[in-house]
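Please view the sequence and the model together before reading on.

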Amino acid sequence: MKISIFGMGYVGGVSSACIANDGHTVMGVDINAAKVKIINNGKSPIVEKDLSPMIAKSVAKGLLSATTDYKEAIHNTDISMICVGTPSHANGSLNLTHLSRVCENIGTALREKKAFHVIVVRSTVLPGTVEDILLRLIEDASGKKVNEDFGICFNPEFLREGTAISDFYDPPRTVIGSSDDKSGDQVAGIYKNLKAPLIRTTIKIAEM
């Protein structure tokens, strides 16, 4: 598959390396040009055991690259994963600023794309966020409709610092909440080699 991953922080960096290591073509996307340069030089933008050699291997094979151009990423991939941070406010609520901006950018890029595109949210959010907030942003920016022109899924991550690569390949379960079966099937294909139980459910339950 051809997959773009938005946010080259901890989750995005590890996910990019592992997915590319499985043979998929991955394009990382980040507004930080320094991170993009580090990845394109075959190095890791974060400190995590065994990550740098995995990135170097995939970059050398042409399976992993990075860019600051979100339109390039959308137009050259079929699936986009969103892995940007959602830090907590002082009152405990989640800051959706970065996540909302990425969804608006993806929507803007989709306006110029004819092919069906699947969007996968991996950022930590409260139940209802994808369908009540993010979906509206994407539809408004793209002028397109979910399940007709694009699909959206929620796919939580279970990565721990220090053991993230082994956690990616041996999670307690793989959970995919999808707007439609077609999109869910495509996301499930990314994890087809994992032995973990696969749970297909609604987006809200996956968020929970």
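Predicted model: local features only at pLDDT ≥ 70, side-chain atom pairs only at ≥ 80, totals over all residues.

Among contacts in the chain between residues at least 6 apart in sequence, what percentage join residues at least 24 apart? The share is 71%.

**Fold and dimensions**
- The secondary structure of the chain consists of 9 helices and 8 strands.
- The radius of gyration is 16 Å, which agrees with the value near 17 Å that a compact globule of 208 residues would have.
- Along the principal axes, the C-alpha atoms of the chain fill a box of roughly 40 × 40 × 35 Å.

**Burial and surface**
- Of the 208 residues in the chain, 53% are buried.
- The chain exposes about 9700 Å², and carbon and sulfur atoms supply 51% of that area.

**Charge**
- The chain carries 23 positive and 23 negative side chains.
- The centres of these two sets lie 5 Å apart.

**Cysteines**
- The structure holds 0 disulfides.
- Cysteine 18 has its closest cysteine sulfur in cysteine 83; the two sulfurs are 11 Å apart, which is too far for a bond, because a disulfide requires sulfur atoms within 2.5 Å.
- Cysteine 103 is likewise in no disulfide, and its nearest cysteine sulfur, that of cysteine 83, is 12 Å away.
- Cysteine 18 counts as buried because its relative accessibility is 0%.
- Cysteine 103 is also buried, with a relative accessible area of 0%; the cut-off for a buried residue is under 20%.

How values were computed: Residues numbered from 1 in each chain as written. Heavy atoms only, no water. Buried < 20%, exposed > 50% of the residue type's maximum accessible area, 1.4 Å probe, protein only. Helix = DSSP H or I, 4+ residues; strand = E, 2+ residues; numbered from the N terminus. Rg over C-alpha atoms; globule rule 2.2 N^0.38 Å. Contact = heavy atoms within 4.5 Å. Areas by Shrake-Rupley, 256 points an atom, 1.4 Å probe, with all protein chains shown as cover. Lys, Arg positive; Asp, Glu negative; His and termini not counted. Charge placed at Lys NZ, Arg CZ, Asp CG, Glu CD.
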